[in-house]
Amino acid sequence: MKVLANWYATDEELATVRAGLPKGTDVVLPAGEPRMSRFEVSHKDCIDQAIDADAIMAFVCPRSVFVEAEKLKALVWMHAGCDELDYELLKNKQVQVANTRGANAIAVTEQAMNLLLGIAKRTAERHQWVQEAHWQPIFQPAYMAAPLWDSTLAVIGFGEIGSRIAKRAKAFDMTVLGVRRHPEKGDKGPADEVHGMDKLKEVLGRADYTVIALPITRETDHMFDEKVLGWMKPGCRLVNIARGNIIVESALADALDSGHIAGYAADVWWNYTESFPASYHFPIPSRFGLHKRPNVLASGDQASNCHGVIPRHLSAATESIAAFIEGKPMPRKIDLDLGY
C-alpha cells in the first residue's frame, strides 16, 4: 500500500506515521519546498506521488489531486470539519473518508471558553481603554461586564466539543441547554437539558449566551439568519467556534446594530469565495466591518494552534489509515451524504 502524507512533515512526524502503519507500507511526502506554510501543498508538488497512492492523509489538498489520483480509496482529512471536500467526487470514486474529530477538541473547547469570557468581561475593550488611558468609571451601565454565574448557556451542536464546553460552563455555575440533531443517541452528560433541533427557538429564547458548535452542512449553512437570530434572547451574547457561514453576516450586523445581540465572538469567519464581486480580488475580514466593532472579538482560526494538537491529529489519522490497510472499518469515518 502507498500512503501520501500530503504535507511537509518533520522527520519526527514521518517516523510517527510509519510506526503507526503496518510493516511494508510505503509512506511518501510531496516534492518541493514549503512556501507560506508547511501544511500547504500545490498540485504540481504532490500529484506525482498522489497519482498512484492508495490513501492520502492531509490537512490541505487541491481538489484536482483527488480528480487525478487513480488508485485512491481512502482519505483522512486531518480536521473535524470536512466541508472543503467535494463529497460527490469522492463518492463517485468510492473513496472512504475519515476525519480526525476529537484531536483538537480540548484546544477548541478552551478557546470557546476564552471567547465566552472575553465578550462577557469585555476583555479586548478594557485592554484598549488601558492602552488609551481611557477612564473606566465603576458601576456605570455602559462600562459594566456581564456575569457567567447564574446565567444560561445554549450549546448548539452537542457533540464532543459541545459537551466539553458544557462541562466547563457548569464550573462557572451556568445552566446549560444543549441542542443536537439526535438527542436520543446519548445522555445529557454535564448539561442540564438536551433537546432536538425542533426546540431551537425555545432554547435560544432562554439563553443569555449561545455557543455554535455545529458542523456546516447543507442544513446548517446560513442557518442563523434574521429569523433565527431574532429568536435569541434580547441582549444575549453569541460565540461561534464552528464555521463563519453558519451565520448570515448581514443579519448579525443588524442584530448587533439594534442591540438585540450584545456581543459576538468567533474563532471562525465568513468565506466569500462565492460572492460578487469575488473577494479574492480584494480580501477583507468583514464586508460589514464587524471586525472593527468594540463588541466583536475574533481570534482568526487560532483555536487549534495549540501545543499537543498535531500529535493527536497524527495518532487519529494513522489509526484510520492502518484500519483501511488491514481491511477493517475506519475509525471516525464520515457519511459523505451528511457531511460529518
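Me: What makes two aromatic rings a pair in this predicted model?
Reply: Rings of Phe, Tyr and Trp, the last by its six-membered ring, pair if their centres lie within 6.5 Å. Such ring pairs link Trp7, Phe39 and Phe59 into a cluster.

Me: How many aromatic pairs does a search of the whole structure find?
Reply: The search gives 6.

Me: Why is the pair of Phe39 and Phe59 called edge-to-face?
Reply: The ring centres of Phe39 and Phe59 are 4.9 Å apart, and the planes stand at 70°. Edge-to-face needs planes over 60 degrees apart. The angle of 70° passes that cut-off, so the pair is edge-to-face.

Me: Which parts of the chain does this pair link?
Reply: Distant ones, 20 residues apart. Phe39 sits in the loop between strand E2 (26-28) and H2, Phe59 in the loop between E3 and H3.

Me: Why is Phe59 called buried?
Reply: Its relative accessible area is 9%. Buried means under 20%, so Phe59 qualifies.

Me: What makes the pair of Trp129 and Tyr143 tilted?
Reply: Their centres are 5.1 Å apart and their planes are at 50°. Stacked needs under 30 degrees, and edge-to-face over 60.

Me: Where do Trp129 and Tyr143 lie, and are they buried or exposed?
Reply: Trp129 is in helix H6 (residues 123-131), and Tyr143 is in the loop between H6 and strand E6 (152-156). Both residues are buried.

Me: Which residues of helix H2 (residues 43-50) are buried, and what do they pack against?
Reply: Asp45, Cys46, Ile47 and Ala50 are buried. The buried residues of H2 pack against strand E1 (2-5), strand E3 (55-58) and helix H3 (63-68).

Definitions and conventions
Residues are numbered from 1 along each chain as its sequence is written. This is a predicted model: local features need pLDDT of at least 70, side-chain atom pairs count only at pLDDT 80 or more; totals for chains, interfaces and linings use all residues. Side-chain values use heavy atoms; hydrogens and water are left out. Buried means under 20% relative accessible area, exposed over 50%, partly exposed in between (1.4 Å probe, protein chains only). Helices (H or I, at least four residues) and strands (E, at least two) are DSSP runs, numbered from the N terminus. Contact means heavy atoms within 4.5 Å.
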